[in-house]
Amino acid sequence: MRVPPFHSPLRGIGLEEAWHDHSECPIGKSIHPHDRILGTGCSLARCKFCVLLDEPLSNTHTDTLLPLPHYPPEKARIKTLVNTW
Ligand SMILES: [Zn+2]
């Protein structure tokens, strides 16, 4: 879910110099609400996780999925097992 842009003045583990606008962003969620400043800040880039989360799933995953390994049909596998007994 989109939220108003915010950033944090704190720098530490998991905190990048970026602003966030997605409620499910792991980095954005790690920023305590008390430490959030509304707005995009100065010369900050939009968080890459927020960008990814904002894209439709069909665009982000179908092209990057590796083809599934080919397994023989179940009947052929059972026959092979029977023959080895
Ligand atoms: Zn983010």
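Biologist: Which residue does Phe6 stand opposite in strand 3?
Modeller: In this predicted model, Phe6 stands opposite Leu38 in strand 3, and in strand 2 the bridge partner of Phe6 is His20. Residues are numbered from 1 along each chain as its sequence is written. As the model is predicted, local features need pLDDT of at least 70 and side-chain atom pairs count only at pLDDT 80 or more, while totals for chains, interfaces and linings use all residues.

Biologist: What makes strand 1 and strand 3 a pair?
Modeller: Two strands (DSSP runs of E, at least two residues, numbered from the N terminus, as are helices, which are H or I runs of at least four) pair if DSSP finds at least two bridges between them.

Biologist: Why are strand 3 and strand 4 said to stand at the edges?
Modeller: The four strands form an open sheet of mixed pairing in the order 3-1-2-4. Strand 3 (37-38) and strand 4 (45-46) each have a single partner strand, so one side of each is left without a neighbour in the sheet.

Biologist: Why is Leu44 called partly exposed?
Modeller: A residue is buried if 20 or more other C-beta atoms, placed from the backbone, lie within 10 Å of its own, exposed if 12 or fewer, and partly exposed in between. Leu44 has 15 such atoms within 10 Å, so it is partly exposed. Leu44 lies in the loop between strand 3 and strand 4, and it touches His7, Glu17, Ala18 and Trp19, leaving aside residues up to four places away in sequence; touching, or contact, requires C-beta atoms within 7 Å.

Biologist: What makes Ala18 and Trp19 part of a nonpolar core?
Modeller: Such a core is a set of buried Ala, Val, Leu, Ile, Met, Phe, Trp, Tyr and Cys residues joined through C-beta atoms within 7 Å. The largest one has six residues, Ala18, Trp19, Cys25, Cys47, Cys50 and Leu53, with strand 2 and helix 2 (48-54) each giving two or more of them.

Key:
Two residues are in contact if their C-beta atoms, placed from the backbone, lie within 7 Å.
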